[in-house]
Amino acid sequence: MWTDVLHILPWAMVACVITVAIELGVLALLRGRSVAVNIAALVAIPILSVLAFVVSISGFMFTTQLRWTAVTCGLIAVAVVPAAALLGRRIAIAGMTAETERATERAAESSRRELVAWVSHDLRTPLAGIRAMSEALEDAVVVDPQEIADYARRINTESIRLSDMVDDLFELSKINAGALKLHFHDIAVEGLVADAMESTAPSARKRRVVLNARADGGWPTVSGSDAELTRVLRNLLVNAVRHTPEDGAVTLLAGVDGGEAWMAVQDSCGGIAEPDLPKVFDVAFRGSQARSPMPDAAGAGLGLAIARGLVEAHGGRIAVQNHGDGCRFEVRLPVAA
């Protein structure tokens, strides 16, 4: 028995070396192919090598034992090779999923760092102004009643600005964390438009910007949370008014297209530079000089990012394109059943 083993062992070692060499060569040829193909090849080659080794050892004498060995190897190949291919496919899918998750995490982390940097920069300006004016009042540098009243007004304005920025940051954090709780019910878009127009009217009057609203074919009804959808329209209107020159106009349109309700805000801001269009809804994006804001257009650049997050939370879409002498922001939502 041991004599047979010692006789077969050198040939078996040679067969192993040849099998490994063949596998390496096949893997080199399959470079760039799918994981499933590579794993199937790695499983099939040893089975074929065993069969070839047995045939060569038998002197190519097709005995009953050789037939049994061939049938056994064939059945093993039929069972194992597809299983290996399926396993390889699952490994490839798991790898792609993990890579996608890592890419998403990297993008989210980069977005968080960018957000912190932008907000930190924007918070410093009003804080510095409030500190300087409060110190001036405390040290009695300003004693004229009219100047004191002016400082108080400016401190109040900057405080409101800070409060709005903090509220926006908190809202965006909830959206990004998936912690936003929406209570869906049927909402008439006409009511959303009226609320958004009313809250934007003071700033529009201050800039002498005319606000218009009309529906094409009647006002649609959508399913959603009215407070959040009102904020979407308000953010779009505020953004449009902020970038529209004095004596310009901002129009809010609405209608139904197939199974979708759409709402669009059109302004006369001069348009957005084409390279900037894909970035408009990014956190803290302010754009190039092709769309310059008015001098008092302060903000952390979170309004459009919040609008996109709220629209997507409703299962809708938001987009922007240049239109006429300005741009058009369009929101699409499913029509209420």
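**Entry 1: a loop-to-loop pair**

I started with E246, which counts as partly exposed at 47% relative accessibility. My cut-offs: buried is under 20% relative accessible area, exposed is over 50%, and partly exposed is in between (1.4 Å probe, protein chains only). Areas come from the Shrake-Rupley method with a 1.4 Å probe, and for residues only the protein chains shown count as cover.

Before going on, I noted that this is a predicted model, where local features need pLDDT of at least 70 and side-chain atom pairs count only at pLDDT 80 or more, while totals for chains, interfaces and linings use all residues. Residues are numbered from 1 along each chain as its sequence is written, and side-chain values use heavy atoms, with hydrogens and water left out.

Which residue does E246 form a salt bridge with? I found R208, with the closest N and O atoms 2.6 Å apart. A salt bridge here is a side-chain nitrogen of Lys or Arg within 4 Å of a carboxyl oxygen of Asp or Glu. E246 sits in the loop between α6 (226-243) and β4 (249-257), and R208 in the loop between α5 (189-207) and β2 (210-216), so the pair ties together parts 38 residues apart in sequence. R208 is partly exposed too, at 48% relative accessibility. Helices (H or I, at least four residues) and strands (E, at least two) are DSSP runs, numbered from the N terminus.

I searched the whole structure and got 11 salt bridges. Side chains of opposite charge can pair when their charged atoms come close.

Another one joins the side chains of E260 and R317, 2.6 Å from N to O. E260 is in strand β5 (residues 260-266) and R317 in strand β6 (residues 317-323), so this pair ties together parts 57 residues apart in sequence. E260 is partly exposed at 23%, and R317 is partly exposed at 45%. Then I followed the shared partners: salt bridges join D257, E260, R317, R328, E330 and R332 into one network.

I also checked D150 and R154, whose side chains meet in a salt bridge at 3.5 Å, N to O. Both lie in helix α4 (residues 145-177), 4 residues apart, about one turn of the helix. An α-helix has 3.6 residues a turn, so residues three or four places apart point the same way. D150 has a relative accessible area of 28% and R154 has 37%; I put both down as partly exposed.

**Entry 2: the nonpolar cores**

Next I went inside. A nonpolar core is a set of buried Ala, Val, Leu, Ile, Met, Phe, Trp, Tyr and Cys residues joined through side-chain atoms within 4.5 Å. In soluble globular proteins, nonpolar side chains tend to be buried together.

The largest core has 46 residues, and L236, V250, V320, F329 and V331 touch the most other members. Which element gives the largest share of this core? I found α6, with 7 residues.

I picked V320 and listed what it touches: I272, L277, V280, F281, C327, R328 and F329, leaving out residues up to four places away in sequence. Contact means heavy atoms within 4.5 Å. There is also a second, separate core of 7 residues, which includes I130, A136, V142 and L162.

**Entry 3: helix α6 and H243**

Is α6 enclosed or open? I counted 13 of its 18 residues as buried, so α6 is largely enclosed by the rest of the structure. From first C-alpha to last it reaches 26 Å, close to the 26 Å expected; the expected span is 1.5 Å times one less than the number of residues.

H243 is in this helix and is buried at 7% relative accessibility. A polar atom of its side chain lies 2.8 Å from the backbone oxygen of N239.

**Entry 4: the whole chain**

Last, I zoomed out. The chain has 7 helices and 7 strands, in the pattern α-α-α-α-β-α-β-β-α-β-β-α-β-β. Of its 337 residues, 34% are buried. The chain exposes about 19,700 Å², and carbon and sulfur atoms supply 62% of that. For contacts between residues at least 6 apart in sequence, I noted that 70% join residues at least 24 apart.

Terms used: A polar contact is a pair of N or O atoms within 3.5 Å; within protein, one must be able to donate a hydrogen and the other to accept it, and residues adjacent in sequence count only if both atoms are side-chain atoms.
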